[in-house]
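Biologist: I would like to learn how to read this structure. Could we go through it feature by feature?

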Amino acid sequence: MSASETQPGSPTPDPLRVLFCIGVTQEFFNADDDERAVVAEAIPPAFDRLAERFGVRVLGTLDDDQLMVGATPAWPWMSYILADVPDLATVSRVCGIVRETPVGAGRLWRYLRVEARVGRPLFFGTA
């Protein structure tokens with residue numbers, strides 16, 4: 001049974017386990033200090049209240065900004081959000097945050113990239 005199928009006796013489908021991978025583009029580093037400050041102010045509210053807005057249960061986060069400097073066009077990414085997400089449409093909506101969030105005259109996707117890895121909980125390594 002896949003993670004998106006309903007288990008017998010379960011009223012709702014199992015959530016998808018999703019790793020949202022977030023990278024910083026070269027445009028962010030090309031920007032002056034004032035523009036970077038505007039971008040930095042736009043990011044927290046863009047990704048705030050994921051549970052309330054999308055039904056996403058955040059399991060953990062990781063920010064690699066102390067040991068990684070510069071643009072992150074692909075793996076390894078700068079930041080990660082591990083979450084249980086109701087369905088694939090919601091994964092797309094969360095990724096769409098960077099498309100929709102205004103920053104100055106543009107959008108957040110000028111400065112950030114996001115990629116979602118969709119899987120299932122690992123069967124070992126539990127608490």
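Modeller: We can start with salt bridges, where a side-chain nitrogen of Lys or Arg lies within 4 Å of a carboxyl oxygen of Asp or Glu. Side chains of opposite charge can pair when their charged atoms come close. Note that the model is a predicted one.

Biologist: How many salt bridges does that rule give?

Modeller: The count is six salt bridges. One of them joins aspartate 84 and arginine 17, with 2.5 Å between the closest N and O atoms. This pair links distant parts of the chain, since aspartate 84 sits in strand β3 (residues 79-85) and arginine 17 in strand β1 (residues 16-24), 67 residues apart.

Biologist: Which salt bridges does arginine 49 form?

Modeller: Arginine 49 meets aspartate 48 in a salt bridge, at 3.9 Å from N to O. Arginine 49 also forms a salt bridge with glutamate 52, where the closest N and O atoms are 3.0 Å apart. Salt bridges with shared partners also join Arg17, Arg57 and Asp84 into one network.

Biologist: How accessible are arginine 49 and its two partners?

Modeller: Arginine 49 is partly exposed at 42% relative accessibility, and aspartate 48 is partly exposed at 40%. Glutamate 52 has a relative accessible area of 62%, so glutamate 52 is exposed.

Biologist: Now the aromatic rings. How many aromatic pairs are there?

Modeller: Two rings are taken as a pair if their centres lie within 6.5 Å, and planes over 60 degrees apart count as edge-to-face. A search of the whole structure finds two aromatic pairs. In one, the rings of phenylalanine 28 and phenylalanine 29 have centres 5.3 Å apart and planes at 90°, so the pair is edge-to-face. Phenylalanine 28 is buried at 18% relative accessibility, while phenylalanine 29 is partly exposed at 33%. The rings of phenylalanine 123 and phenylalanine 124 also pair, with centres 5.0 Å apart and planes at 80°, so this pair is edge-to-face.

Biologist: Where does phenylalanine 123 lie, and is phenylalanine 123 buried or exposed?

Modeller: Phenylalanine 123 is in the segment after β6 (112-119). Its relative accessible area is 75%, so phenylalanine 123 is exposed. Phenylalanine 124 is partly exposed, at 49%. Together with Leu122, Phe123 and Phe124 make a nonpolar surface patch of about 410 Å².

Biologist: Let us turn to a residue under the surface. In which helix is leucine 50, and what does leucine 50 touch?

Modeller: Leucine 50 belongs to helix α3 (residues 50-54). With a relative accessible area of 6%, leucine 50 is buried. Leaving out residues up to four places away in sequence, leucine 50 touches Gly55, Val56, Val58, Ile81 and Ile97. Distance along the sequence and distance in space can be set side by side for leucine 50 and alanine 83: they are 33 residues apart in sequence and 9.6 Å apart in space, C-alpha to C-alpha.

Biologist: What does the chain as a whole look like in terms of helices and strands?

Modeller: The protein chain has five helices and six strands. From the N terminus on, the order of the elements is β-α-α-α-β-β-α-α-β-β-β. Along the principal axes, the C-alpha atoms fill a box of roughly 55 × 30 × 20 Å. Of the 127 residues, 33% count as buried. Among contacts with a separation of 6 or more, 71% are between residues 24 or more positions apart. The accessible surface comes to about 8,200 Å², and 55% of that surface belongs to carbon and sulfur atoms.

Biologist: What is the mean pLDDT of the protein chain, and where does pLDDT stay under 50?

Modeller: pLDDT is the predictor's confidence in each residue, from 0 to 100. The mean for the protein chain is 88, and 91% of the residues reach 70 or more. Over residues 1-8 pLDDT stays under 50, and the model has 16 contacts beyond four places in sequence for these residues.

Definitions and conventions:
Residues are numbered from 1 along each chain as its sequence is written. Side-chain values use heavy atoms; hydrogens and water are left out. Contact means heavy atoms within 4.5 Å. Patches are made of residues with over 30% relative accessible area and no salt bridge: like charges are joined within 9 Å, nonpolar side chains (Val, Leu, Ile, Met, Phe, Trp, Tyr) within 5 Å. Accessible areas come from the Shrake-Rupley method with a 1.4 Å probe; for residues, only the protein chains shown count as cover. Helices (H or I, at least four residues) and strands (E, at least two) are DSSP runs, numbered from the N terminus. Buried means under 20% relative accessible area, exposed over 50%, partly exposed in between (1.4 Å probe, protein chains only). Rings of Phe, Tyr and Trp (its six-membered ring) pair if their centres lie within 6.5 Å; planes under 30 degrees apart count as stacked, over 60 as edge-to-face and the rest as tilted.
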